[in-house]
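Please keep both in view while going through the sections.

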Amino acid sequence: MADAPTLPQQLKQYLDALRAAGVEYVAKAGPAPSRKSAPIVVASAVIPAVDPLAERRTNLKLLADGIQNCARCLELFSTRTQTISGVGPISAEVAFLGDGPDSVDDRAGEPFRGDAGTWLAPALVALGLERKQVYLLNATRCRAPGKRFPTAKECANCRDYLVRELELARPKVICCLGTLTAQTLLQTTESIAALRGKVFDHTGIPVICTFHPAYLLKNPKSAADAASDLEFLKRILGT
Ligand code: SF4
């Protein structure tokens, strides 16, 4: 009859069995690990610590992917090239919220590439920000055909995607561009004239409202008011 294994042999057998089960790391006895950086040890196996930013980015991608076949607005579904979700960093300084992608955005696959992008460039200069520092998204994720604006119904159809996207991107401030956009997010019937110059709240995120870029193109006399809205935004951002 073979001799009983020694303690070191028993330990080696135990470790070999763990390795065969896929366990690559066993925590060393000692002080409790820091909650921020150390891996979480459960029953001797290692589960990597969750990176909340990476998790939010993954969930934003899953949200965008899940919308790709959305057909809630039949006309938009049948005429769009693709759905256009937001772009930009998590927890950006500010999110600019337009009403919907235009034909340039529809082809490019990204918001604020067409007319809204023309408005955005000087606005960013005034704010001292770069495009890569802001989050850009729309109330609707599909282009409305024939250069028309999205309807209130189409914005309402898309609102739960918008709310979820803002929840995941969680910008420090939201700036709504135009009446329809502001009404969709804030669930109000007030006009942009009544909404400008005030700070509203969306799930704890400050919201301000300014003119739609297309309105400013047709009404250059409102440029001074639009500039004062950007100054208001700068004060809220503390820049
Ligand atoms: S606008 Fe929004 S709700 Fe309407 S079809 Fe596109 S993704 Fe769906």
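## The ligand and its shell

In this predicted model, the ligand is surrounded by 15 residues, and the closest of them are Cys70, Arg72, Cys73, Cys142 and Cys158. Sorted by class, the shell around the ligand comprises 9 nonpolar, 3 polar and 3 charged residues.

Which helices supply at least two residues each to this shell? They are α3, which spans residues 74-79, and α6, which spans residues 152-169. Helix α6 gives the most, with 4 residues in the shell around the ligand.

## The chain as a whole

The protein chain contains 10 helices and 7 strands. Of its 239 residues, 31% count as buried. Among contacts in the chain with a separation of 6 or more, 68% are between residues 24 or more positions apart.

## Helix α6 against helix α2

Taken by class, the residues of the contact of α2 with α6 are 6 nonpolar, 1 polar and 3 charged. As a general point about spacing along such an element, an α-helix has 3.6 residues a turn, so residues three or four places apart point the same way.

## Helix α6 against helix α7

Helix α6 also packs with α7, here at an angle of about 50° and with the axes 10 Å apart. That angle makes α6 oblique to α7, and α6 passes α7 in a right-handed crossing.

From α6, the residues Ala152, Cys155, Ala156, Arg159 and Leu162 meet Leu180, Thr184 and Leu185 of α7. The contact of α6 with α7 divides into 6 nonpolar residues, 1 polar residue and 1 charged residue.

Is helix α7 largely enclosed by the rest of the structure or largely open? Of the 8 residues of α7 (residues 179-186), 7 are buried, so the helix is largely enclosed by the rest of the structure. The buried residues are Thr179, Leu180, Thr181, Ala182, Gln183, Thr184 and Leu185.

Several elements cover these buried residues of α7, including the strands β3 (95-98), β5 (174-177), β6 (200-202) and β7 (205-210), together with the helices α6 and α8 (192-195).

## Helix α5 against helix α10

A further helix pair is formed by α5 (residues 115-127) and α10 (residues 223-237), which pack at an angle of about 45° with their axes 10 Å apart. The two helices are therefore oblique to each other, and α5 passes α10 in a right-handed crossing.

Helix α5 makes this contact through Ala123, Ala126 and Leu127, while α10 makes it through Leu230, Leu233 and Lys234. By class, the residues of the contact of α5 with α10 are 5 nonpolar, no polar and 1 charged.

Most residues other than glycine have a negative phi. Against that background, two loop positions deserve a look.

Phe112 is not a glycine, yet it has a positive phi of about 60°. Phe112 lies in the loop between α4 (103-108) and α5. Is Phe112 buried or exposed? Phe112 is buried, because 29 other C-beta atoms lie within 10 Å, and the cut-off for a buried residue is 20 or more.

Gln187, which is likewise not a glycine, has a positive phi of about 55° and comes just after α7. The place of Gln187 is in the loop between α7 and α8. With 10 other C-beta atoms within 10 Å, Gln187 is exposed, since a residue counts as exposed at 12 or fewer.

Methods: Residues are numbered from 1 along each chain as its sequence is written. This is a predicted model: local features need pLDDT of at least 70, side-chain atom pairs count only at pLDDT 80 or more; totals for chains, interfaces and linings use all residues. Axes are lines fitted to C-alpha atoms, for helices over the stretch in contact, and angles run from 0 to 180 degrees between N-to-C directions. Angles under 35 degrees count as roughly parallel, over 145 as roughly antiparallel, 65 to 115 as roughly perpendicular and the rest as oblique. A crossing is left-handed if the near helix is turned anticlockwise from the far one by less than a right angle, and right-handed if clockwise. Two residues are in contact if their C-beta atoms, placed from the backbone, lie within 7 Å. Ala, Val, Leu, Ile, Met, Phe, Trp, Tyr, Cys and Pro count as nonpolar, Asp, Glu, Lys and Arg as charged, and the others, Gly among them, as polar. A residue is near a molecule or strand if its C-beta atom, placed from the backbone, lies within 6 Å of it.
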